[in-house]
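Keep the viewer open as you read.

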Amino acid sequence: MLLSSSRLLSFISLPALITSLQYSAIEKGAYEADSILRRDAVIIGGGSSGTYAAIGLRDKGKTVAVIEQKNLLGGHTNTYTDPATKTPVDYGVIVFDNSSIVTSYFNRFNIPLTTGTGRATGSFTESYIDFSTGKNITSYVPPDPTAAFNAYATQLQKYPSLNKPGWNVPDPVPADLLLPFGDFVKKYKLDGAVPTIYFFAQGFGDILSIPTLYFVKYFSLSFLQGVETGFLITSRHDNSELYEKARTELGDDVLLNSTVLSTDRSGTDVKVSVQTPAGKKLVIAKKLVISIPPLLSNLNGFDLTDNERSLFSQFTSGALYTGLLNHTGIPDNVEITAVKPNTPYNLPQLPTLYGLYLTAVPGLKQFLYGNSAPLSDNDVRSSIVSQIQKLKTAGTIPTASTPEFVAYSNHYPYELRVSADAIAKGFYKNLTALQGQTKTYWTGAAFDRHDSGSVWAFTEGLLGGIAA
Ligand SMILES: Cc1cc2nc3c(=O)[nH]c(=O)nc-3n(C[C@H](O)[C@H](O)[C@H](O)COP(=O)(O)OP(=O)(O)OC[C@H]3O[C@@H](n4cnc5c(N)ncnc54)[C@H](O)[C@@H]3O)c2cc1C
């Protein structure tokens, strides 16, 4: 259907009209006195960065309110406790950088840390399965990544600013950072590192086509060091303890199961109208901290500026799903990694199970499943079941059984990114310049990278401005 330019204009201006009506509707008088909260800062999102911001601002003597859509804090952190043995199993965030910000944050909550990889230890068999056929690819031997990692580290050393928190992208953007990662791998002979990078980049989508910038940022020098020498893990293997303790400390300042209806940043203060289980509330604050993934679809009701809208409209996202399965029919001492023969680097085609990993509970396997775009939970669950059942059909496992989902978590959106063209045109310079405009501070993985320690360091760097 073709639209005349005048009709097109009326289509464009309608949402703006609705928006302006909606924002002018935040009137203090429309709320009962006991539904109005006054705080120094209102934080949208109670995941990794939002919780860190809330605790950090409290520690600076500031008052906060946290608006979180789920019924708990922690974002991508998931912990299941086996009812029979009371053994906790982390199946979202597992490892942390060995950095001072990580140790002092966990120390603050009296949570002991130890070193580890977060992967199974002891005696087990690693099988490489083609989930499209259910066959065990016994001929597949993963490459030794040592030489490729050394070559990769040489490349990373060219971009020290990208190893720091935030998007300090060199200007002009070096051509190598705009290459599809597959071309960068070929150019610098990094082939032997691809399976390991693929393992850690689960949920990114088709890694070979993504601009190299995202790997230099995420699979950074400090991350590489963690891969080679080990990360920190919680000694009790219960990462949710951090968020439970933060929740207890923040008390009524956390509004769970709550969503933003609208925001108004036009006055001296920021006004946020919130739908909570106890009815509508109005939070009036000096500063707004937005820690949720900034996709336009996740910012309904926010009074975005044209600049913010234009930047966020460019984001696309991968999709990652995690959980725990019983009754897979796979022996307890077998861990599975997905491969696909006759593809570049034997990488499986998306959507796929990335692997089935051992946990501390016998019989219980952790799964990771991903795609380059979101899928329905029903589609993900049925695809996982059918991929595992192919193992029996192919004779790879002896017993037929129907896997049972003991836990399931949808981590979409994950790893927000923009095109190489947008990066070259200064996207990250413009994104970074948003900080502090219209009393608003932005944090979270989209403003840094998907790494808890790095996100906390980035957030820490914003606290002075928020508290000022
Ligand atoms: C499966 C998985 C495993 C990972 N493992 C590790 C690991 O082992 N180590 C590591 O360092 N990093 C890991 N990461 C990376 C991790 O995502 C980041 O370190 C960190 O969670 C990013 O923090 P964030 O605050 O941006 O996002 P999140 O922690 O996801 O927080 C965002 C919060 O905002 C809430 N929210 C979203 N939209 C709205 C809305 N509209 N209104 C209100 N609330 C909203 C969400 O519910 C969530 O609680 C992992 C990520 C995933 C997905």
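How many cavities of 30 Å³ or more does a search of the whole structure find? The search turns up one. A cavity here is a set of points on a 1 Å grid, laid over the protein atoms alone, where a 1.4 Å probe fits but cannot get out. Rolling a probe the size of a water molecule over the atoms shows where empty space is left. Before going further: this is a predicted model, local features need pLDDT of at least 70, side-chain atom pairs count only at pLDDT 80 or more, and totals for chains, interfaces and linings use all residues. Residues are numbered from 1 along each chain as its sequence is written, and side-chain values use heavy atoms, with hydrogens and water left out.

Back to that space. The largest cavity has a volume of about 70 Å³, where a volume is the space filled by probe spheres set on the grid points, joined across faces, edges and corners. Residues with an atom within 4 Å of a point count as lining, and here they include Trp-167, Tyr-214, Glu-415 and His-450. Helices (H or I, at least four residues) and strands (E, at least two) are DSSP runs, numbered from the N terminus. By class, the cavity lining divides into six nonpolar, one polar and four charged residues. For that count, Ala, Val, Leu, Ile, Met, Phe, Trp, Tyr, Cys and Pro are nonpolar, Asp, Glu, Lys and Arg are charged, and the others, Gly among them, are polar.

Now for a space that is open. A pocket is an open set of points with protein on both sides within 12 Å along at least five of seven lines. The second largest pocket holds about 540 Å³ of space. Its lining has 27 residues, and Arg-119, Pro-142, Pro-195, Thr-196 and Phe-199 lie nearest the centre. Two or more lining residues come from each of strand S6 (125-130), helix H7 (194-200), helix H9 (221-229), strand S14 (334-338) and strand S15 (352-358). H7 gives the most, with five residues. The class count for this pocket is 19 nonpolar, six polar and two charged.

The side chain of Glu-68 brings an N or O atom to 2.7 Å from an oxygen of the ligand. A nitrogen of the ligand is 3.2 Å from a backbone N or O atom of Gln-69. On its own, the ligand has 980 Å² of accessible area, and the protein covers 90% of that; the areas come from the Shrake-Rupley method with a 1.4 Å probe, and for residues, only the protein chains shown count as cover.

Is Ser-317 buried or exposed? Ser-317 is buried, at 7% relative accessible area; buried means under 20%, exposed over 50%, and partly exposed in between (1.4 Å probe, protein chains only). The Ser-317 side chain reaches the backbone nitrogen of Tyr-414 at 2.9 Å.

Ser-258 is another buried serine, at 2%, and is found in the loop between strand S9 (254-255) and strand S10 (259-264). Its side chain reaches the backbone oxygen of Leu-256 at 2.7 Å.

For a contrast, go to Thr-229 in helix H9. Thr-229 is exposed, with a relative accessible area of 65%. A polar atom of the Thr-229 side chain lies 2.7 Å from the backbone oxygen of Gln-225.

Notes:
Polar contact = N/O pair within 3.5 Å; in protein donor to acceptor, adjacent residues only side chain to side chain.
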